[in-house]
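Here is a friendly walk through the helices and sheets of one protein model. Please keep the structure open beside the text as you read.

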Amino acid sequence: MSVIIDKFGDVVSKSIAKKPKRALNLLKAGYFASGQQMKYLPGRNLLPHQKYAAVMSNSAIRAPLRRPGHSAVVSVFLPCEMLQAMDITPQFTEGLACYFTGAGCEGAFIRAAENRGVPRTYCSYHKALLGAAMAGVLPRPQMIVNTTLACDANLGTFRTLAELWQIPQFTVDVPETASGNALAYVSEQLRDLKGFLEEVTGKMLPEEELKAVIRRENRSIRLYREFFSILSEKRLRNDMTSEMYKIFFTHVLLGTKEAERYFELLLEDAKAAPSAGNEIRLLWAHSLPFWQDSVRKAVFQNGVSQLLCCDMNLDSVAELNEDRPYESMAQILLANKMGGPGGRRLDALLEAAQVLRADGVVYFCHWGCKQTL
């Protein structure tokens, strides 16, 4: 299969410079074919929640490519509840970059960005997105909505894209600490975001639908917490790709029916899993290099290791108050383990290690990411 992907990526890469629309059509066709394979011919070793995650993540990536005029490019930590309630499809940087890698063409997009002045030391996830947009492959979305949370690249990437595409952008500024008037400051920005979305789309935010989104999100969070309460005693098969898929459900898809179903399946699989044995139980910090066979084989395909969770899927497990949605979303942003002092993330890792009975932590230093380097 890797030979097919290499050839497909080569064809896409050669089309980028002179035939960007052809490159986009190839990607859409390739992702559709991959989604069908995942649906009807899934990997034999995958658990039900992992099979479901693969199909739904594929669909989430393809949706904004099919309907860019109803989509928003977002940062991974943006609360997407309002977007879900207004049927605005989120496309997030890290997810799309991973799918470029899966199609074997991320290198061409990175070179396209670097050839236009983006530094080599810039985050490769953001650089792939910038290259796809600068080369004219990525279709122009309706808007851009991002936060300043965690990632330095957020400040440059989304402003550059908004100027390139000539589309409206909204940035939610998240202070490093929740002290003083930080809660009121962020809450007011989220209310302003509501007005921004209504102005750009020309339609009102349906408050009852927002409440329905929040109720689904809260049910999902409760399922997720129950999952963690039993994971400490279980040996649940996991892999780096499936753990990366989970980021869709813990972030941009949280509050959707698809995310709730995912957490139901995740809990069912955990309950059915065998009891923990003598395996090496590992927590992972930061993104997972699912494309690196050497890491995958050395760490997770040796029969003695278990990937418990990535801390990007532990950044917030709090419920929202549907009657105070903006304050609740603001509290989650301010409490996010990825923001603020580094000690906050470390404390969260140590707490998770104790709860899940982890034997160690793999701390992945991602190229271009100042937060991990």
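The buried residues of helix H9 are covered by several elements, including helix H4 (81-85), E3, E4, helix H10 (207-231) and helix H14 (325-335). Those residues of H9 are Ala182, Val186, Ser187, Gln189, Leu190, Leu193, Lys194, Phe196, Leu197 and Glu198. Here buried means under 20% relative accessible area, exposed over 50% and partly exposed in between, with a 1.4 Å probe and protein chains only. Helices (H or I, at least four residues) and strands (E, at least two) are DSSP runs numbered from the N terminus.

A word on the background: this is a predicted model, in which local features need pLDDT of at least 70 and side-chain atom pairs count only at pLDDT 80 or more, while totals for chains, interfaces and linings use all residues. Residues are numbered from 1 along each chain as its sequence is written, and side-chain values use heavy atoms, with hydrogens and water left out.

H9 has 20 residues and spans 29 Å from its first C-alpha to its last, close to the 28 Å expected at 1.5 Å a residue (1.5 Å times one less than the number of residues). After H9 comes Gly202, with a positive phi near 75 degrees. Gln189 sits in this helix, which covers residues 182-201. Is Gln189 buried or exposed? Gln189 is buried, at a relative accessible area of 11%. Leaving aside residues up to four places away in sequence, Gln189 touches Phe170, Thr171, Val172 and Asp173, where contact means heavy atoms within 4.5 Å.

**The four-stranded sheet**

Four strands form an open sheet in the order E2-E1-E3-E4, paired in parallel. Strand E2 (89-92) and strand E4 (169-172) are at the edges with a single partner strand each, so one side of each has no neighbour in the sheet. On average, neighbouring strands of this sheet are turned by 25 degrees against each other, direction ignored. Two strands pair if DSSP finds at least two bridges between them; E1 (residues 71-74) and E3 (residues 143-147) have three, in the parallel sense. Val74 has Val145 in E3 as its bridge partner.

**The three-stranded sheet**

A further open sheet has the order E6-E5-E7, with parallel pairing. Its edges are strand E6 (305-310) and strand E7 (360-363), each with a single partner strand, so one side of each lacks a neighbour in the sheet. The twist averages 35 degrees from one strand to the next. Strand E5 (residues 280-285) pairs with E6 in the parallel sense over five bridges, and Trp284 stands opposite Cys310 in E6.

**Helices lying across the strands**

Angles run from 0 to 180 degrees between N-to-C directions, and axes are lines fitted to C-alpha atoms, for helices over the stretch in contact.

| Helix | Lies across | Angle |
|---|---|---|
| H9 | E3 and E4 | about 165 degrees to E4 |
| H11 (residues 240-250) | E5 and E6 | about 15 degrees to E6 |
| H15 (residues 342-355) | E5 and E7 | about 160 degrees to E5 |

**A helix pair**

Helix H7 (residues 124-134) and helix H8 (residues 153-165) pack at about 10 degrees, with their axes 11 Å apart. That makes H7 roughly parallel to H8 (angles under 35 degrees count as roughly parallel, over 145 as roughly antiparallel, 65 to 115 as roughly perpendicular and the rest as oblique). Residues making the contact include His126 and Leu129 of H7 and Phe158 and Trp165 of H8.
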